[in-house]
Amino acid sequence: MKRSLMYHTALPRHDLRVRSHRIDVKPALALGSHVSFVRYADKTTLLMGDVVVTEQEMQPFSDALHKHKIGQTAIHKHLLAQTPDIWWIHVHAHSHHPVSLARGLRAAFDRTDTPPPLPSSLRKPGDLDTAGIDAALGVKGSGDDGIYKCVFVRRETITDGHLVLPPGLGSTSALNFQPLGDGRAAISGDCAMIASEVQDVLVALRCAGARLVELHNHGLTDEPRLFFVHFWAVGDGVRLARALRPAVAATNVVPAG
């Protein structure tokens, strides 16, 4: 259970060997498929998730989703110039039958080479100044299989149609730090924004030296309407965190608790 509200399953792509800008991308940095189930008082269940697929897997995976009445709300990239070609698909469904949703997801995952999850580790990277990163961003991060993650959630109540979403479901901003040695890090990040915040965030990211990857949506019927920008940066971890803080500060978020 995540935040006591969501039944969350992570399925990182440990089977893939992905490189972006000459860096070997660890699964916890940017290759994590995940799905969440939320139960509501009317006994319905909302399914939302983000799934990593190769370009060869994308069409069969999509066909299986369609067959089982699971929707797609975004198809996009998290990384630039990656090999092999990887895509991210956001999935969405609302039903009285959560087990049927899970079976449909399993049928779709069976069209990919997604491996069973491995035991996760909460260890922090040993060669990053995580205290300095925390101070720079104003958040308490956490370790995930050698990646340091700093997560923020929107302050507003977010709805999907008539359903109120638990804080953080489909609406988080996250900065993931993969250590490269000597305090340096590769950062794969994602900022959740409303329309009036988008341009300020894009400008702040470029001022910080981050590369813009994708501007897109995660949902179709969210309110307020949310947009997301994925970005990439490499350099000293603390200096980058300090430079990126204005981008986070340009949005209406608080550290995830």
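Let me start in a loop: K43 sits between β4 (32-39) and β5 (45-54). Keep in mind that this is a predicted model. K43 has a positive phi, about 70°, and it is not a glycine. As background, most residues other than glycine have a negative phi, and most peptide bonds are trans.

Which bond is cis, with omega near -5°? The one from T83 to P84. P84 belongs to the loop that links β7 (82-83) and β8 (86-95). There is a cis bond between E223 and P224 as well, with omega about -5°. Look for P224 in the loop between β16 and β17 (227-236).

Now the strands. In general, strands of a sheet pair through backbone hydrogen bonds, either parallel or antiparallel. Take β7 first. β7 belongs to an open sheet of three strands, ordered β3-β2-β7. The pairing there is antiparallel. β3 (23-25) and β7 are the edge strands, with a single partner strand each, so one side of each has no neighbour in the sheet. β2 covers residues 18-20, and two bridges pair β2 with β7. Which residue of β7 is the bridge partner of S20? It is Q82.

Next, β16. Here we have three strands in an open sheet, in the order β12-β11-β16. Pairing is antiparallel here. Which strands stand at the edges? β12 (163-164) and β16 (222-223) do. Each has a single partner strand, so one side of each is left without a neighbour in the sheet. β11, residues 159-160, is joined to β16 by two bridges, and the two strands run antiparallel. T159 has E223 of β16 as its bridge partner. E223 is also the residue joined to P224 by the cis bond.

On to the cavity. Rolling a probe the size of a water molecule over the atoms shows where empty space is left. How many cavities of 30 Å³ or more does the structure hold? One. The largest cavity has a volume of about 60 Å³. Its lining is M48, I158, D160, L165, L169, G170, H218, G219, D222 and L226. By class, that lining has five nonpolar, three polar and two charged residues. Several of these positions tie back to elements I have shown. D160 lines the cavity, and β11 spans 159-160. D222 is in the lining too, and β16 spans 222-223. M48 is another lining residue, and β5 spans 45-54.

Last topic, the helices. Two packed helices are described by the angle between their axes and the distance between the axes.

Start with α4, residues 130-137. On the α4 side, the contact uses G132, I133, A135, A136 and L137. On the α6 side, G237, V238, A241, R242 and R245 meet them. The contact residues of α4 with α6 divide into six nonpolar, two polar and two charged.

Then α5, residues 198-207. α5 brings V201, A204 and L205 to the contact, and α6 brings L244, P246 and A247. By class, the contact of α5 with α6 has six nonpolar, no polar and no charged residues.

How values were computed
Residues are numbered from 1 along each chain as its sequence is written. This is a predicted model: local features need pLDDT of at least 70, side-chain atom pairs count only at pLDDT 80 or more; totals for chains, interfaces and linings use all residues. Side-chain values use heavy atoms; hydrogens and water are left out. Two strands pair if DSSP finds at least two bridges between them. Helices (H or I, at least four residues) and strands (E, at least two) are DSSP runs, numbered from the N terminus. On a 1 Å grid over the protein atoms alone, a cavity is a set of points where a 1.4 Å probe fits but cannot get out, and a pocket is an open set with protein on both sides within 12 Å along at least five of seven lines; lining residues have an atom within 4 Å of a point. Grid points are joined across faces, edges and corners, and a volume is the space filled by probe spheres set on the points. Ala, Val, Leu, Ile, Met, Phe, Trp, Tyr, Cys and Pro count as nonpolar, Asp, Glu, Lys and Arg as charged, and the others, Gly among them, as polar. Contact means heavy atoms within 4.5 Å.
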